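Dear colleague,

Please find the structure below, handed over for your records. My findings follow after it.

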Amino acid sequence: MGREVVLLGVVLGVLLGIAVVYTYTPATDFSVLNTGPSGLSGIASAYGASVALGTSYLARVEPGGYAYLVIRSGELGSGEVVALAEFLARGGVVVASGTPAFLNSLLRQLNVGVEVSEAVVYDSVRNYGSRFYPVGYSPTCNATVATYLPRYVASYKGAEVVAYSSELSYADLDGDGYMDLGEPEGRFPLVLMVEVGGGRLYVVTSPYVFANGLLEPNLGFLNCILSGRRLILDQYEVSRDLLQYVRLVTRTGGASDYYVVALVALAGLVAYAVLREW
């Protein structure tokens with residue numbers, strides 16, 4: 001009897017730990033499950049967005065009616081670029097943002113003449129609370145664009161500038177956070193558009209344009225570039241963490257936390273019965 005009690009206690013303890021970690025581990029940046037300032041729960045809800053765990057999802061949809069938002073930090077694999085290129089060729093819209101490494105990898109493999117540098121654009125006058133949040137304007141959409149630490153575009157041959165920073169912004173080329181003698185001032189591209197195949201590729205220099213913290217002031221701009229298309233949110237990088245993957249699959253599939261905890265409890269009972277017999 002004592003052995004069974006100890007065994008049951010061990011199983012229940014492990015299961016309780018799993019349930020607590022699953023329920024209370026915070027979602028990562030740019031996750032559709034993250035309700036904080038850096039999450040994408042707001043845009044997912046506002047547009048009834050679908051969630052994709054990778055670019056293979058694009059083969060399931062008709063590109064002419066969809067826009068694919070992909071925010072990444074690492075470089076894309078060749079297969080992913082092929083999937084995006086095919087989606088664009090068939091009339092899809094791709095909205096790309098993230099680190100310069102990711103953006104330049106995508107642009108280079110698509111043969112697009114745009115280069116995004118590591119330098120940050122600041123604006124001490126026209127901003128959303130501080131110089132770190134430059135507010136630009138899109139003549140194309142007749143809307144403002146609020147950003148956070150947007151990157152400086154070094155070159156944009158063949159691209160249409162959809163949104164600019166203000167004339168009072170500056171590019172911090174040396175990375176000290178301040179305007180120094182000789183650093184460029186004036187309007188800088190915040191969002192660019194390139195026609196690729198039969199579709200459109202938008203390059204957004206600040207991924208926080210889509211995050212909860214800046215969603216409200218950017219809704220007019222987002223409505224413009226989406227133009228009524230259904231939105232798909234790429235969650236590949238989020239899903240690479242096993243726990244985040246499980247949470248994405250269960251929650252975006254309609255399962256509640258209670259349902260998952262119940263399944264874990266059931267699995268625990270089965271494990272206990274098996275171990276008891278063993």
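Cysteine 224, at 25% relative accessibility, counts as partly exposed. Its disulfide partner is cysteine 141, with an S to S distance of 2.1 Å; cysteine 141 counts as buried at 15% relative accessibility. Please note that the model is a predicted one.

The structure holds 1 disulfide. Cysteine 141 sits in the loop between strand S5 (135-138) and strand S6 (143-146), while cysteine 224 belongs to helix H5 (residues 212-226), so the bond ties together parts that are 83 residues apart in sequence. The torsion about the S-S bond of cysteine 141 and cysteine 224 is about -75°, and the disulfide is therefore left-handed.

I also examined helix H3 (residues 78-89). Helix H3 comprises 12 residues and spans 16 Å from its first C-alpha to its last, close to the 16 Å expected at 1.5 Å a residue. Its buried residues are Glu80, Val81, Ala83, Leu84, Phe87 and Leu88. These residues cover an arc of only 160° around the axis, which places them on the same side of H3.

What do the buried residues of H3 pack against? Their partners among the strands are S2 (66-72), S3 (93-98), S10 (189-196) and S11 (199-204), and among the helices H4 (100-109) and H6 (236-239). Just after H3, glycine 91 adopts a positive phi of about 100°.

With kind regards

Methods: Residues numbered from 1 in each chain as written. Predicted model: local features only at pLDDT ≥ 70, side-chain atom pairs only at ≥ 80, totals over all residues. Heavy atoms only, no water. Disulfide = S-S within 2.5 Å. Helix = DSSP H or I, 4+ residues; strand = E, 2+ residues; numbered from the N terminus. Buried < 20%, exposed > 50% of the residue type's maximum accessible area, 1.4 Å probe, protein only. Expected span 1.5 Å × (residues − 1). Arc of directions from axis to C-beta. Contact = heavy atoms within 4.5 Å.
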